[in-house]
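Biologist: I have the model open on my side and would like to go through it with you. Could you take my questions as they come?

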Amino acid sequence: MEMNKKQKITDMTQGPVFPQMARFALPVLFGMLCQRLYNFADTYIVGHFLGDEALAAVSIAGTATYMLFSLIMGVTTGVGVVVSQFYGAQKDDEIRKAFVAGGYVAGAMSLLITAAGMLTTHPLLGLLRTSKELMPMAAAYLLVIYAGSGATMLYNFSAAILRALGNSLVPLLFLILSSALNIFLDVAFIAWIPMGTAGAAFATILAQLISGVLCVGYTLRMLPFLKASGRERRPDRRLIREVLRYGLPTGLQMCIISVSDMTLQAVINTYGTVMIVAYGVCMKVEGLGFQLADAIGSAVGTFTGQNIGAGDYVRVKKGVRSAYFLNVLCYGIFCPAVFVFAEPIMRAFTQTPEAVSLGAEYMRIFTAFFLAGGILVVYHNILRASGDVAVTVLMGVSEVVTRIGCAFLLPRFFGYQGLWFVSPLTWTCAALVGGTRYYSGAWRRRQNVENMQDICGDVEKQQETGIGGCSDGKEEKVKD
C-alpha cells in the first residue's frame, strides 16, 4: 500500500488488541461527547430563550428524528462494513468501487428520507399524541431537519469511510467544528434572529452541511486512491447490493427500535408537559451514556470488519473481550457520577421542582442497567460486521416487543414509576438475545463457509489478491 495511505488509515489486523481498540474508540468518544454537549447546549438554549413548551416540543421532535437517523446510520454502517472488510483483505480496487457505490446509495436514500419525512411529519406527531399547543413548534423543527437530511448524510457517509479505514481522529475534528458551529448558530437563530424551534433545526443542518463538505474534501484529498475515474464512476450493482445487504437490515433494526421509542414517548406525553420535560432531559443524559457504548461499538465494528476480511476470527474474539473491559471501565465511572449528581443535572435545564424530582428519579434507575446497554451495542456491532445481520433485526424486534409491552403493562401495576424500568428491561432482554447468538458461534461458522468458498472457488482471484488457495495456514486462521 502507498505510504501516503498508510499515514492516514490504520491496519487493525495486526498489533496488540486492547490498546488498538482503545486508541480508535477514544477519538470517536470525544467526537460523540462534543455532539452530545452540543445537544445539551441546544436544550439549554431552547429552554432558556423559548421556555418549557418549546423544550417539550423539541424533545418530542427529537424522538421522531431518530427514525431519520436510523436510516442514515443504516446506510453509512453498510458502507463502513463493506469497506472495512475489503481493507482487511487488502483489495484496494474494491474499496474504491464500494466508496462510489455507497455514494449512490447515500444520495438516493437522502432524497427518499427528505420526501417521506416531509410528507409524514404531522401524521407522525399525531401518532406521538403531541398536544395542539406543542404541534406547531414540533412540526417546524421536524420539517427543517427532514429537508436537510442530505447534509446529515454527507457528514456521516464520509466519517464512516474514514473510520472503516481505521482513521477515527479526523471525523472527531470535523465533529468538533460542527458542534461549535451548532452552538453559535443556535444562539444566532434563536436569540438574535427569532426563528423559534425552526432556528434550532436550521442551526443543526447548516453546521452539518459545512462539516460534511469539509470532511468529504479532506477524504478525497488525503486518500487519493478513493478517487474514481472513467468506468469506476458508474454504479457497481454488485457492491450496491452488498452495501444494502448490510445497511438495510441495520436501518430496519434501528427503525424498529425507533418505533418502540416513539411508543414510549407517546405514553410519556399523556402525563403532561412536566413529565415530557423530565423525560426529555433524561434522554439527553441517557444519550450521553450511550455515546460511550457507541464509541466502543464503532471500534468493535471496524476491528471486526477488518479482521474478518483478513480471516482472523481468533483476533475478533479478543476484540470482543477487550470491548467488555472498556464498557466496565467507562460505566464504572459514568453511572456513579450520574447517580450522585442527578438533581443538579436536572436543575441545569429546568427550574420546575416536579420535573427535577421526576428526572432525578429516572436517572438513578437507568444508571443501574447501563452496562447491559453497553454490552448490547457490542453484540450489535460484532454480529453486523460479521455479516450476521438477520440476528440484529431479531434483536431489534425483541426490543420492540419488550419496550411496547412494558410501556403499557408496567404503569398499570406500578404507576408512572413503571415507565422508568421500560428501557432498562429492554436493553437486558436484547443483550441476552445477542449474547446467545454470539456464544453459539453460528455467526463465525457462516462466515467461514463464505470465506472458504471465496478462497477455493476462484483461482484467478486468489492470484490477484495474493491468497494462496485452501492452504493449511488459512484454514487454521479461521478456526477457533
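Biologist: Is Tyr438 buried or exposed?

Modeller: Tyr438 is buried, since its relative accessible area is 6% and buried means under 20%, exposed over 50% and partly exposed in between, with a 1.4 Å probe and protein chains only. Please keep in mind that this is a predicted model, in which local features need pLDDT of at least 70 and side-chain atom pairs count only at pLDDT 80 or more, while totals for chains, interfaces and linings use all residues. Residues are numbered from 1 along each chain as its sequence is written, and side-chain values use heavy atoms, with hydrogens and water left out.

Biologist: And Tyr439, buried or exposed?

Modeller: Tyr439 counts as exposed, because its relative accessibility is 56%.

Biologist: OK, rings next. How many aromatic pairs are there in the whole structure?

Modeller: A search of the whole structure gives 18 aromatic pairs, where rings of Phe, Tyr and Trp (its six-membered ring) pair if their centres lie within 6.5 Å, and planes under 30 degrees apart count as stacked, over 60 as edge-to-face and the rest as tilted. One of them joins Tyr331 and Phe334, edge-to-face at 6.4 Å centre to centre with 80° between the planes.

Biologist: Where do Tyr331 and Phe334 lie?

Modeller: Both are in helix H11 (residues 313-340), three residues apart, which is about one turn of the helix; helices (H or I, at least four residues) and strands (E, at least two) are DSSP runs numbered from the N terminus. Tyr331 and Phe334 are both buried, and they belong to one aromatic cluster that also includes Tyr279, Phe290 and Trp427.

Biologist: Which charged end sits over the ring of Phe339?

Modeller: That is Arg364, 5.8 Å from the ring centre, and a charge sits over a ring if NZ of Lys or CZ of Arg is within 6 Å of the ring centre and within 35 degrees of the ring normal. Arg245 likewise lies over the face of Tyr246, at 4.6 Å from the ring centre.

Biologist: Switching to the fold, how many helices and strands does the chain have?

Modeller: The chain has 19 helices and zero strands. Its radius of gyration is 22 Å, close to the 23 Å that the globule rule gives for 480 residues, so the chain is as compact as a globular protein of that length; the radius is taken over C-alpha atoms, and the rule is 2.2 Å times the number of residues to the power 0.38.

Biologist: What share of the residues counts as buried?

Modeller: Of the 480 residues, 58% count as buried.
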